[in-house]
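Have the sequence and the 3D view open as you read.

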Amino acid sequence: MTGRPFRVSGRGREPVTAMRKTGSTGSFLSVGAGVTPGADGASAYPGAGDVHMLGEEAAKGETKHARVEMGTNQGSDGALKHQPKCILLTGGAGFIGSHVAERLVHRYPEYKIVVLDRLDYCGAPENLRELEQCSNFKFVRGDIRSKSLLDYLLRAEQIDTVMHFAASTHVDNSFQSSISFTSNNVLGTHVLLECAREYGRIQRFMHVSTDEVYGGETDMRNTEESMLAPTNPYACTKAAAEFICRAYSISYGLPIVMTRGNNVYGPRQYPDKLIAKSATLLAMGKHAFIHGDGRHRRSYIYVVDCAEAFDVILHRAETGGVYNLGSEQEISNLDVVRRLVRLTNSPSDSAAELSDEECDRWIDFSVDRAFNDRRYPVDMTRLQGLGWQPRTQFADGLAQTAQWYADPANLVRWPGFLNKLVAHPALDTNGANTEQLFFIE
Ligand SMILES: NC(=O)c1ccc[n+]([C@@H]2O[C@H](COP(=O)([O-])OP(=O)(O)OC[C@H]3O[C@@H](n4cnc5c(N)ncnc54)[C@H](O)[C@@H]3O)[C@@H](O)[C@H]2O)c1
């Protein structure tokens with residue numbers, strides 16, 4: 001892309017920097033979080049004339065959206081319901097998004113995949129490095145809360161599909177820094193929805209939510225119609241974002257599909273969540289941490305299976321549908337860490353397996369979270385109806401994951417990750433971070 005340089009607000013945000021740009025291969029662009037239109041109100045983005053023309057056309061009533069009731073569509077026949085051409089995938093430098101991007105870029109060379117990610121502490125360009133040379137891939141560094149950036153991207157890339165993964169995701173961080181979670185997860189989603197509505201050419205908007213919106217105090221297997229009763233700040237922001245999606249679906253007819261996923265694990269997850277952190281600590285010969293007594297249970301999906309599920313939902317879900325992305329592999333936090341201790345200490349010799357007591361010598365039991373949901377059992381009948389089943393056994397996925405985190409070369413993608421290997425990680429709360437929280441264009 002050429003054109004005049006971006007103007008930035010006076011708060012020390014980064015100007016646009018071309019990290020990589022080629023004609024026929026994938027490209028990396030870097031856009032600061034605070035990119036704003038110029039003071040004269042003109043868009044600061046290259047090609048802004050086109051942007052405004054399309055915006056006016058959309059405003060004249062060219063939008064194709066029709067009202068849809070959220071959550072009522074079952075999509076049980078597994079037939080092709082959507083054929084994307086150009087996908088905006090937010091949060092694609094993070095854990096799940098990078099696996100989904102990888103799968104889509106390789107499996108569908110005829111689709112263009114544009115990843116938008118601001119590269120938080122948990123996102124890493126390295127997660128997408130393998131895609132750099134692919135002609136149907138582009139990376140843009142930027143913030144989903146920047147309306148002018150989104151307005152530009154949607155039009156310039158002729159996006160017809162949004163897959164929205166970008167979020168602040170760690171429950172521990174959300175106890176300490178809940179406003180930043182509201183900013184990214186609620187405001188960020190709202191800005192994205194509004195831009196999609198104004199643009200008027202989105203055929204499918206996939207909002208990625210979590211099982212945590214159901215709350216974790218019941219043994220009932222939650223269906224997609226169950227009440228939302230989130231308990232921690234992270235889960236509440238995800239539920240709030242869902243309700244805004246609902247408004248855009250029902251009031252404006254934006255073609256939204258929603259997922260509510262169980263826990264995902266596997267390579268490339270930032271090592272501040274249970275499996276990734278424990279595997280890293282144990283591989284370094286250090287003790288792992290357990291919150292409380294470790295009896296809280298979680299259901300796990302291997303990330304490769306998860307990426308396949310998003311592929312299936314992208315193509316086969318009914319517009320307006322909500323889909324639990326579930327797993328039958330439920331296990332207590334303590335048992336997860338004991339398994340990792342065994343993998344680390346006797347990876348291939350089951351005869352020498354450690355007893356529970358021996359495993360526990362490698363575990364430090366810390367004070368529990370401010371609130372810790374017991375479990376998240378979800379009914380996954382609806383997604384199974386689209387033809388998806390998890391393939392990876394927990395034992396196999398865990399072994400592959402432990403192996404990945406045992407290689408220090410895989411961890412250098414996250415500068416400063418050592419600081420997060422504590423019982424209860426928290427976000428940095430320096431001045432710059434706080435200032436960004438309240439930045440609204
Ligand atoms: N990991 C899980 O177990 C799990 C389970 C269910 C649902 N989810 C949901 O899946 C999605 C992806 O989760 P993940 O585990 O891959 O998360 P992650 O933390 O690894 O990645 C999130 C990515 O979003 C980016 N991001 C955050 N705020 C942004 C903003 N304002 N603008 C642009 N980019 C921004 C970050 O830089 C990061 O790369 C999230 O919406 C999460 O709520 C995750």
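Of the 30 residues around the ligand, the ones that come nearest are Gly91, Gly94, Phe95, Asp120 and Gly123; a residue counts as near a molecule if its C-beta atom, placed from the backbone, lies within 6 Å of it. Two or more residues of that shell come from each of α2 (95-107), α5 (178-199), β7 (204-210) and β9 (263-265). Keep in mind that this is a predicted model: local features need pLDDT of at least 70, side-chain atom pairs count only at pLDDT 80 or more, and totals for chains, interfaces and linings use all residues. Residues are numbered from 1 along each chain as its sequence is written.

**The ligand shell**
- α2 gives the most to the shell, with three residues; helices (H or I, at least four residues) and strands (E, at least two) are DSSP runs, numbered from the N terminus.
- By type, the shell splits into twelve nonpolar, twelve polar and six charged residues; Ala, Val, Leu, Ile, Met, Phe, Trp, Tyr, Cys and Pro count as nonpolar, Asp, Glu, Lys and Arg as charged, and the others, Gly among them, as polar.

**The sheet**
- Three strands make an open sheet in the order β9-β11-β13, with mixed pairing.
- β9 and β13 (330-332) are the edge strands, each pairing on one side only; two strands pair if DSSP finds at least two bridges between them.
- β9 and β11 (residues 297-302) run parallel, joined by three bridges.
- Across that pair, asparagine 263 stands opposite tyrosine 300 in β11.
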